[in-house]
Amino acid sequence: MAGEPQADCLFCKIAAGKVPATIVRETDTTVAFRDINPQAPTHVLVIPKVHYPDAATLAAAEPQVAADILRAAEEIAELDDIKETGFRIVFNTGSGAGQTVFHTHAHILGGRSLQWPPG
Ligand code: 5GP
Ligand code: ZN
């Protein structure tokens, strides 16, 4: 069934607590944890507990959960005190854009100046 946990998915395992992560926030529908290879002083990943391969697929199937990710992002920014200085929410979509884990995730980046356009 759509959204069901996938046995071979790293982020399904983190969402289920089977793989450890530094969790910063959890809701009924989302989990936020620090990226293992941070690219900025704040680099948090927000994932839905349900499994969809990317943000657009999640938004089409479960739009409320997609919105929950964006709301969680702002709360992470408040927690890490980067709301005033600004932060970036990134959904890499497809391997050509750098996506390596095919379970929807938002990168929340902040705490340093961020270039635009990104590389
Ligand atoms: P993507 O490249 O798919 O947009 O992002 C995947 C992110 O997951 C990368 O930034 C990578 O550092 C992070 N990541 C990969 N494996 C792990 C892990 O086991 N734990 C944590 N906390 N982050 C991971
Ligand atoms: Zn998954």
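At 66% relative accessibility, D81 counts as exposed (exposed is over 50% relative accessible area, buried under 20%, and partly exposed in between, with a 1.4 Å probe and protein chains only). D81 sits in the loop between α3 (63–79) and β4 (87–90), where helices (H or I, at least four residues) and strands (E, at least two) are DSSP runs numbered from the N terminus. Though not a glycine, D81 has a positive phi of about 60 degrees. Most residues other than glycine have a negative phi, and most peptide bonds are trans.

A word on the ground rules. This is a predicted model, in which local features need pLDDT of at least 70 and side-chain atom pairs count only at pLDDT 80 or more, while totals for chains, interfaces and linings use all residues. Residues are numbered from 1 along each chain as its sequence is written, chains are lettered from A and ligands numbered from 1 in the order in which they are written, and side-chain values use heavy atoms, with hydrogens and water left out.

Now for the metal. The zinc ion (ligand 2) is held by C9 (SG), C12 (SG), H51 (ND1) and H103 (ND1), at 2.0 to 2.3 Å. Donors here are N, O and S atoms within 2.8 Å of the metal (3.2 Å for Na, K and Ca); water is not among the atoms, so sites may look incomplete. Along the chain, the zinc donors are spaced as C-x2-C-x38-H-x51-H.

Of the 15 residues around ligand 1, R34, D35, G98, T100 and H107 come nearest (a residue is near a molecule or strand if one of its heavy atoms lies within 4 Å of it). Both α1 (10–15) and β2 (30–34) supply at least two residues each to the shell around ligand 1. A polar backbone atom of R34 is 2.9 Å from a nitrogen atom of ligand 1, and a polar side-chain atom of N92 is 2.9 Å from an oxygen atom of ligand 1. G98 brings a backbone N or O atom to 2.7 Å from an oxygen atom of ligand 1.

Conventions
A polar contact is a pair of N or O atoms within 3.5 Å; within protein, one must be able to donate a hydrogen and the other to accept it, and residues adjacent in sequence count only if both atoms are side-chain atoms.
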